[in-house]
Amino acid sequence: MLEKIQQLLAEVNTLEAHSAEELEALRIKYLSKKGSISALMNDFRSVPAEQKKEVGIKINELKTRAFDKINSLRAEFAQTDTDDNDIDITRTAYPTPLGTRHPLTIVRNEIVDIFSRLGFSLAEGPEVEDDWHVFGSMNFADDHPARDMQDTFFIEARPDVILRTHTSSVQSRVMETTQPPIRIICPGRVYRNEAISARAHCFFHQVEGLYVDREVSFTDLKQVLLLFAREMFGEETQIRLRPSYFPFTEPSAEMDISCNICGGTGCTFCKHTGWVEILGCGMVDPAVLQLNGIDPTKYKGYAFGMGVERIANLKYQVKDLRMFSENDMRFLREFEAAN
């Protein structure tokens, strides 16, 4: 009996299992009601009385060792299963495709980069603004149409607080806290109360520039804008400036570039004129300088502003402005190579 117990103990010590099925078979062989250890318990009745104590101890040791061995093998399988299926269910579904920059971000970054190389610093400000920084500091008359609810979004609880209609408010904030020389570029989102269509939206993006210093001239402005146009649209690009009016600049102008689609020969995109308008500009009105704490007898300046969507339209020939804000992945994936 003792020899049989020793034989089973040696077998148990060397048990191995390579699958859950093999482990279950070993458990049944040694520990089930019809297993080898249960058979020993049945034979225990025929053991002489003087040997019962010794044999009983050995059988219990064998049974304990068999339980420990089976449990040890089961724990190894459980650890292996955890390693193979170590999935964090809080993660997003994968494989996750890499994202790309939005076309407006691509164009905005390119505009900012061009002007940064021309010496302009980046300046940003709040989108929810007060009437003074948006209109008052920019020389808008009290009865100017831009102050009307049909043109501007007002915050209902605060009639003097609005969603900015242009990033000129950033220029005002810089001028009232900084003395010249000032050379800044102001990108940002702006809002206007307009019907949404293929050519207009209630929100869009602008980049405005401001340069204030001694002896600043319109010639300086023209040269900077020419350099920008050729950097953005190509070395062959030509510009022209047409007289215009803005409350914050005098004289004021609108700038056209030679159509980058037909090369200036005329097409449907430029309405067969050979020119496409891209921005407004002019010399900063002395009244604006004075309103913002800068002495107009000592300093002059120029300013310009452009719509990022307008530049993106020209650069990528996108005909519907709404496509920029609809998050259509088929449209956005077309710009992967531009990143």
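A residue counts as buried when its relative accessible area is under 20%. By that cut-off, strand 6 (residues 203–213) is mostly covered, with 10 of its 11 residues buried. The model is predicted.

**Confidence**

The chain has a mean pLDDT of 85, and 93% of its residues reach 70 or more. Confidence is highest in strand 10, at 96. It is lowest in helix 4 (residues 52–84), at a mean of 75. Where pLDDT is low, the predicted coordinates should not be read in detail.

**Cysteines**

How many disulfides does the structure hold? It holds zero. Cys-186 is in no disulfide, and the nearest cysteine sulfur, that of Cys-281, is 16 Å away. A disulfide needs two cysteine sulfur atoms within 2.5 Å, so Cys-186 is not paired with Cys-281. Cys-186 is buried, with a relative accessible area of 0%. Cys-259 is buried as well, at 1%.

**Backbone exceptions**

Most residues other than glycine have a negative phi, and most peptide bonds are trans. The following sites depart from that pattern.

| Site | Feature | Value |
|---|---|---|
| Pro-180 and Pro-181 | cis peptide bond | omega about 5° |
| Glu-250 and Pro-251 | cis peptide bond | omega about 0° |
| Glu-215 | positive phi | about 60° |
| His-272 | positive phi | near 60° |

Where do these sites lie? Pro-181 sits in the loop between helix 7 (168–177) and strand 5. Pro-251, in contrast, belongs to strand 8 (residues 249–258). Glu-215 is in the loop between strand 6 and helix 8 (218–233). His-272 occupies the loop between strand 8 and strand 9 (275–284).

Neither residue is a glycine.

Methods. Residues are numbered from 1 along each chain as its sequence is written. This is a predicted model: local features need pLDDT of at least 70, side-chain atom pairs count only at pLDDT 80 or more; totals for chains, interfaces and linings use all residues. Side-chain values use heavy atoms; hydrogens and water are left out. Buried means under 20% relative accessible area, exposed over 50%, partly exposed in between (1.4 Å probe, protein chains only). Helices (H or I, at least four residues) and strands (E, at least two) are DSSP runs, numbered from the N terminus. pLDDT is the predictor's confidence in each residue, from 0 to 100.
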